Amino acid sequence: MPELPEVETTRRGLHPHLVGRVIVDAQIHQGFERLCLNTNVKELTHRLIGQRIIDTHRYGKYLIFSLSSGDSFVVHLRMTGALVLREPGTLTGKYERARLSLESTMNCMFETISFQDVRRFGTWNVVGDFEDGLAVNIGPDALSPNFSPDHLVSTLRRKSGTIKSALLDQSTVAGLGNIYVDEICFMAGLDPRKRSNTISKKKTKELFIAIQDTLSRALERGGASFKDYVNAHGVPGGALDHCYVYGRVGMNCYKCDNTIKKIKIVGRGTHYCPKCQRR
DNA sequence: CATCATGTTACACG
DNA sequence: GCGTGTAACATGAT
């Protein structure tokens, strides 16, 4: 699923129901042990069970739950993962891979967090320091103050590949994925094949604005559901219906009425308007 | 049967 | 060391 707006939508949905609650059981279902990045499933469940969830965070596409032990529970949804709140007695469903059971309370009807993941790429990890649960060279989160126009300018100046690959690279900025990178390039009027180090400082600042704008507007719509994404309450997001280019191959550009094209860049389907977006 | 799909990582090659 | 292309991971839809 899940680029920054989807992960943040999930976090916001979970937060009020999780903070202050105690994890009384953690189960990784038979055959899906691969999702566990700890040395083994026993260690992971041992470090989860009995802990109170103190707070929720997000860094790029990672969800982070801080625990009363001081540990961080770090979840990545990858392509098709979703964390969904469930009421007691709910069946696991075909694609549930793991679940957490929460201590029951008078004022919350949810007792389970179900981890659904069709393609089984998602990961769970419990670490002492949350940074140890993130990719080694991860860059600043796209919506944090650490991500600035100057940071983007200096990073792109050093890269000779396409702007598409630079923006997909989580070490440039954390949180963007295939859908929003296409939208961002359209908004900034940049051909996705343009070399990063040939983009002017002025254009890079426009690109920065396009990133902020695209992400915050997608967030307002509760993220985009390409296929499997649902929020913490099992509801899909609506941002895909508002894309300028993603998923609109063969349709007319809203700005110039020309036909939206689709090509492949770094192995990813890439949508753009040949007239509005320049090299 | 073939192709494509929201993400990330590993590897071969130039 | 860097960039690119490709495969891999596992599954489903078309």
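Buried here means under 20% relative accessible area, exposed means over 50%, and partly exposed is what sits in between. Keep that cut-off handy for the exercises below, which all use a predicted model.

**Exercise 1. Work out whether Asp 182 and Lys 164 are buried or exposed, and how their side chains meet.**

Step 1: Take the accessibilities. Asp 182 has 1% relative accessibility, and Lys 164 has 0%. With the limit set at under 20%, Asp 182 counts as buried and so does Lys 164.

Step 2: Look at the charged groups. The two side chains form a salt bridge, with 2.6 Å from N to O.

Step 3: Asp 182 belongs to helix 5 (residues 178-188) and Lys 164 to helix 4 (residues 163-168); at 18 residues apart, they link distant parts of the chain.

**Exercise 2. Find which parts of the chain the salt bridge between Asp 141 and Arg 58 ties together.**

Step 1: Check the geometry. Asp 141 and Arg 58 meet in a salt bridge at 2.7 Å, N to O.

Step 2: Locate the ends. Asp 141 is in the loop between strand 8 (123-127) and helix 3 (149-157), while Arg 58 is in strand 2, so the bridge ties together parts 83 residues apart in sequence.

Step 3: Check burial. Asp 141 comes out at 6% relative accessible area, which is buried. Arg 58 is buried as well, at 16%.

Step 4: Widen the view. Both residues belong to a salt-bridge network that links Glu 8, Arg 11, Arg 12, Arg 58 and Asp 141.

**Exercise 3. Explain how far apart Glu 43 and Arg 47 are in helix 2, and say how exposed each one is.**

Step 1: Start with the distance. The closest N and O atoms of Glu 43 and Arg 47 are 2.6 Å apart, and the pair forms a salt bridge.

Step 2: Count along the helix. Both residues are in helix 2 (residues 41-48), and because they are four residues apart, about one helical turn separates them.

Step 3: Glu 43 is partly exposed at 24%, and Arg 47 is partly exposed at 22%.

Step 4: For context, the count of salt bridges comes to 14.

**Exercise 4. Lys 61 is buried yet has no salt bridge; work out what surrounds it.**

Step 1: Locate Lys 61. It's in the loop between strand 2 (53-59) and strand 3 (62-67).

Step 2: Look for an opposite charge. The nearest such side chain is that of Glu 3, 5.7 Å away. A salt bridge needs the nitrogen and the carboxyl oxygen within 4 Å, and Lys 61 has none.

Step 3: Look for a polar atom instead. The backbone oxygen of Leu 176 is 2.7 Å from a polar atom of the Lys 61 side chain.

Step 4: Setting aside neighbours within four places in sequence, the contacts of Lys 61 include Pro 2, Glu 3, Val 75, His 76, Gln 170 and Leu 176.

**Exercise 5. Describe how domain 1 and domain 2 of chain A meet.**

Step 1: Domain 1 covers 4-133 and domain 2 covers 149-272. Their centres, taken over C-alpha atoms, are 29 Å apart.

Step 2: Count residues. On the domain 1 side, 20 residues are in contact with 19 residues of domain 2.

Step 3: Get the area. About 1,500 Å² is buried between the domains, and carbon and sulfur atoms give 66% of that.

Step 4: Sort the interactions. Between the two domains there are zero salt bridges, but there are six residue pairs in polar contact.

Step 5: See who contributes. Helix 1 (4-18) and strand 5 (81-86) are the elements giving two or more residues to the side of domain 1 that touches domain 2. The largest share of that side, ten residues, is from helix 1.

**Exercise 6. Find where Arg 78 and Arg 120 sit, given their positive phi values.**

Step 1: Recall the background. Most residues other than glycine have a negative phi.

Step 2: Take Arg 78. Its phi is near 50 degrees. Arg 78 is in the loop between strand 4 (72-76) and strand 5, and is partly exposed at 44%.

Step 3: Take Arg 120. Its phi is about 60 degrees. Arg 120 is in the loop between strand 7 (112-117) and strand 8, and is partly exposed at 42%.

How values were computed. Residues numbered from 1 in each chain as written. Chains lettered and ligands numbered in written order. Predicted model: local features only at pLDDT ≥ 70, side-chain atom pairs only at ≥ 80, totals over all residues. Heavy atoms only, no water. Buried < 20%, exposed > 50% of the residue type's maximum accessible area, 1.4 Å probe, protein only. Lys, Arg positive; Asp, Glu negative; His and termini not counted. Polar contact = N/O pair within 3.5 Å; in protein donor to acceptor, adjacent residues only side chain to side chain. Contact = heavy atoms within 4.5 Å. Domains from an automatic or database assignment. Buried area = accessible area lost by both parts, 1.4 Å probe.
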